Amino acid sequence: MRITALHIYGFGKLENVLVEDFSPAIQVFYGENEAGKSTIMAFIHAILFGFPAKNQQDLRYLPKKGYKYGGKVIIETKDMRSITIERVAGRSSGDVSVLDEQGNPCDLNDILGGLDKTMYKGIFSFNIMDLQNLKLIDAEQLGGYLFSSGLIGSDQLHKLSNQLNKEQEDRFKPQGRKPEINKLLNTIKEEEKTVQLWKAKMEEYEQLLTDVTRFDEEIKTLQQTKENITKKLKHTEAMLAIQPLANKAELLQDQMEKLGDVDSIPVDGLARLEKPQTELGFYQAKLEQLTKDRKSKEKDLAELHVNSQLLYQEEVLKNLLSKRPSYEQAKNQLALLSSEIEECDLQIGNWKRDLDWSGFQEAKIEELHTSLSTKAMLKELIKQNHKLSIQKQRLDDQFQVTKDELEMQEERVETLEKELLPADEVLHMKRSVAEQEKDSLSKNIAVTEQLVHQLERQLKAQEKIQLAKKKNNQYTAIGILSFGFTGAIALFLQNQLFLSLLFFLVFGIVSYVAFRKNASEEVRTGLEKEKKELESKLEKLRAKFFSSGAHEKLEEYQQALAKDEQVNHLLQKERLLLSQSERAYNKIIHQFEEWEKENFHFEESWQKWAQSIHLAHIPFPFMEEAFEKVTRLKSTILEKKGLIEKRKHHERLMEDFTSQVLEFLKEIDWQDEYASAEQTLGMIGKKMDEEKSKQLKVERIQESISLLQEESTTLEVHIEEARKQIQQLFEQAGVQAEEDFRMKSHQLLEKKELERELSLVFSQWKQMEGAYHVTLEQSKPLDSWKMDKERLERELIILNESYQHLLEKRTATYETIRQLEEGGTYSEAVQHFELSKSTLQRHARKWAVYATAQHLLTKTMDFYRNVKLPKVLERATEHFCFLTGGNYVGVHDTKLERKIIVEHQDGTMFEPKELSQATVEQLYIAIRFAVAQVWSEEQTLPFMMDDSFVNFDQKRSDLAIQLMNRLAEQGNQFIFFTCHQQTKKKLSEDVANSVYSFSRNSAVGTVSFRD
């Protein structure tokens, strides 16, 4: 397959980029650093094999400006089908669609021949980083690296083999000490010795264990005895705490019996008595205060007098007061309108004086036409006047310039006419020159010069023909020699050495003859000889001519005639320019006449418009200002009429309001001769507010008196209820007076305090019994309980001393056992021994897995080595020989080791580490080209390279490019990325190759075309 076009929707910095017409041979992408070359390479990888996942190290190249992520690549298969592969953002690797020209879906895996991205980059794609990695590889590993590259195009097998060897050696190495398996074998030997040593110590160990058991039983018996004595001691201590509480309870019960029966007193008797007594005093005091307040308010009510007639006219007053703001506003507006009318009269008078319209009536001014059409006509007239003024100025300037040019041209013509030679003198000179030219010597010189010029032209033409024939002879000789060389090789392969040598010699001679053949050389030699003879003859004729002296006079006449002819030619040109200047002058005069006609029409239109607006007496420069004043004057007159109408309206409003106020004053019988209507209305309003306030006070006092009466009745009821509650409490207590009730209440409180204290003692008693888990079965004196406690404490001290002695013996026995165990027991030693053997088996299984993988990898590498490597090395030999100019003639497999060696033309074998860095890179490129060719037998894919010749000198770069051209002629497509002008130029020499150039600024919205 080959790529024919690509379209990038959005990928990294490249957005909406279209590249078409890919070359089927070598497609070059040229641009500066960071222009986007590597981005295009990554884009092709992503479209073919999927976008990198987020957890991968490869760059995802997400768009920077919001364009759609992805794009498409158009390819052409071996069967000439055009297939479009489009991939956009979607799942982890993107959503891909593969369609042919008819829109039918295709299988991308079939198109790529089952190759994944890693395999493709290893075989068909590499960049400058792959070459730079060669410098980082150890010299001893370089041969193995190139061997692995020769198998699958990359060093993956080489890396995997080294990794498997390292994993095996990390686990086991013969005669090694650090690997895990070696360490475990040494550990198992030491642990086996420890187990044997433990078997000898087991008898002494058993006796010590028996002693420890006996000590434990004795300690257990002592602990049981200690627990019994401790329980008795705790019981005695509990009795010492409980006995005082029992004694206090008996004392409290005796005091309660002495108080006698006081339970007839009600609960909370004193509090219940004090509540109704307090309420009774409060209600009686409040009743007295209410009686005083009611008498005071009745007195205030008798003193208030209300004018009911004025209150009856409240609605009429409200109506007049609501109209009062309108009246005042009308009054204010009337004053303002009068002032505005005066201002309008003043402005009208000023504008009339400015326009000289003192006797012009306002009614006639209102009839003037000041519409937009009249104003537009004025602007058009002003515009015409401005245009005519500019035109007049331009014509004046052009007239002066044209006049000056005409005068200057006439002076130049007159000067040239004076420089002309007389006609008879010119005729005499022409005859003398003609007679001299008829002389045979001059004629021979002229003929000889013409012949020399003709021979020079023939020699130049002959030289071009000779170069073309020489180039054709070279191509013919090379073709004959190539054919002879091919035939000689074919005969040599058939073991016909003599015929092969003879065939090569014959065709070599024929090609030499063809190369040296040149029939035009004799013709060129004859022409050069003839040219030399004519040049010699010409020199002789010129010497003879100049020696006669006649040529000096001839030259003088010729110079004079030439100068006269030049003056005559200039004179004709100046006369032509003079006629042009005259026409330009006449044209300006004609334009002046046209301008005067237009200006006359303008004056007529202007006078007509000015008369229609009565402004004919105003000069033109001030007409626009005058028209503006006329417009404003007319507007002010109309405004004045409107103001007069408004003044009449406000006067009518004021008259109506005044008549209504007078009628209202008559109704309420109000007399005030000195106050105005609005002032009187204000005083009546204040009087109305005072009467309303009095009426409101009367209503409030009446309402207060009613409330006070109701509250007094309620208080009398409460006083009676309080007296009843006090009598009921006395009856319940069985007393007649308040003093007896209070004494019984105090006795009841004292009894309750004793009961509360007794309850608290019983509660503490129960808590103590619960805390000590005992019950007071019998009561004894405190001294008896103290003696029992001292006896039990002495017995407990003796038991503790015996217990401590046994603990010391058992600890000494345990120390002896510990010394025998020496950090572990027999079972632990056996357990460690078995655990080490299990760990050894686990590591051995892992080692076996890596050994099996190494064996399978070796088999795989041997398969590639026997099947594909011979073909790769054969192609690599051919490429390496070409790249080195024949210095190296072979690339071989070492057979015993997985390494590559190369053969010099003198038969010497070299390892890659012995070669120069540039030669190693040439070998690497040769192997990569060979791998791609071998794999292309199964599936042909484009070969992508990114500046892979940057470390080569000019000669090596040219050889590498020639090799690429040869491979491209065999049907391989190359996509080459470079930032070097020289590389681009060299690749573009072949017409089959295409070059696409772009800069850093062409990353968005660009379409690339072939250079």
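User: Two strands count as paired once DSSP finds at least two bridges between them. How many bridges join strand 9 to strand 10 here?

Analyst: This is a predicted model. In it, 2 bridges join strand 9 (residues 900-904) to strand 10, and the two strands run antiparallel. Within strand 10, methionine 909 is the bridge partner of glutamate 903.

User: And how many bridges are there between strand 8 and strand 9?

Analyst: Strand 8 and strand 9 pair over 5 bridges, in the antiparallel sense. Histidine 892 stands opposite isoleucine 901 of strand 9.

User: What order do the strands take in the sheet?

Analyst: The order is 8-9-10, in an open sheet of 3 strands with antiparallel pairing. Strand 8 (888-893) and strand 10 (909-910) are at the edges with a single partner strand each, so one side of each has no neighbour in the sheet.

User: Which helix packs on that sheet?

Analyst: Helix 24 (residues 869-883), which touches strand 8 and strand 9. The direction of helix 24 makes about 160° with that of strand 8.

User: What about the hairpin of strand 9 and strand 10, how many residues sit between the strands?

Analyst: There are 4 residues between the strands, and in this hairpin glycine 907 takes a positive phi near 95°.

User: Back to strand 9. Is it mostly covered or mostly open?

Analyst: Strand 9 is mostly covered, with 4 of its 5 residues buried.

User: Histidine 904 is in that strand. Why does it count as buried?

Analyst: The relative accessibility of histidine 904 is 18%, and buried means under 20%. Histidine 904 therefore counts as buried.

User: What does histidine 904 touch, leaving out residues up to four places away in sequence?

Analyst: On that count, histidine 904 touches Asn887, Tyr888, Val889 and Phe910.

User: And which side chain makes a polar contact with that of histidine 904?

Analyst: The side chain of aspartate 906, at 3.0 Å.

User: Different topic. How many cavities of 30 Å³ or more does a search of the whole structure find?

Analyst: The search finds 3. The largest cavity has a volume of about 70 Å³.

User: Which residues line the largest cavity?

Analyst: Among them are Phe124, Phe929, Ala932, Gln933, Ser936, Leu941 and Phe974.

User: Where does the largest share of that lining come from?

Analyst: Helix 25 (residues 917-936) gives the largest share, 4 residues.

Terms used: Residues are numbered from 1 along each chain as its sequence is written. This is a predicted model: local features need pLDDT of at least 70, side-chain atom pairs count only at pLDDT 80 or more; totals for chains, interfaces and linings use all residues. Side-chain values use heavy atoms; hydrogens and water are left out. Contact means heavy atoms within 4.5 Å. Axes are lines fitted to C-alpha atoms, for helices over the stretch in contact, and angles run from 0 to 180 degrees between N-to-C directions. Buried means under 20% relative accessible area, exposed over 50%, partly exposed in between (1.4 Å probe, protein chains only). A polar contact is a pair of N or O atoms within 3.5 Å; within protein, one must be able to donate a hydrogen and the other to accept it, and residues adjacent in sequence count only if both atoms are side-chain atoms. On a 1 Å grid over the protein atoms alone, a cavity is a set of points where a 1.4 Å probe fits but cannot get out, and a pocket is an open set with protein on both sides within 12 Å along at least five of seven lines; lining residues have an atom within 4 Å of a point. Grid points are joined across faces, edges and corners, and a volume is the space filled by probe spheres set on the points.
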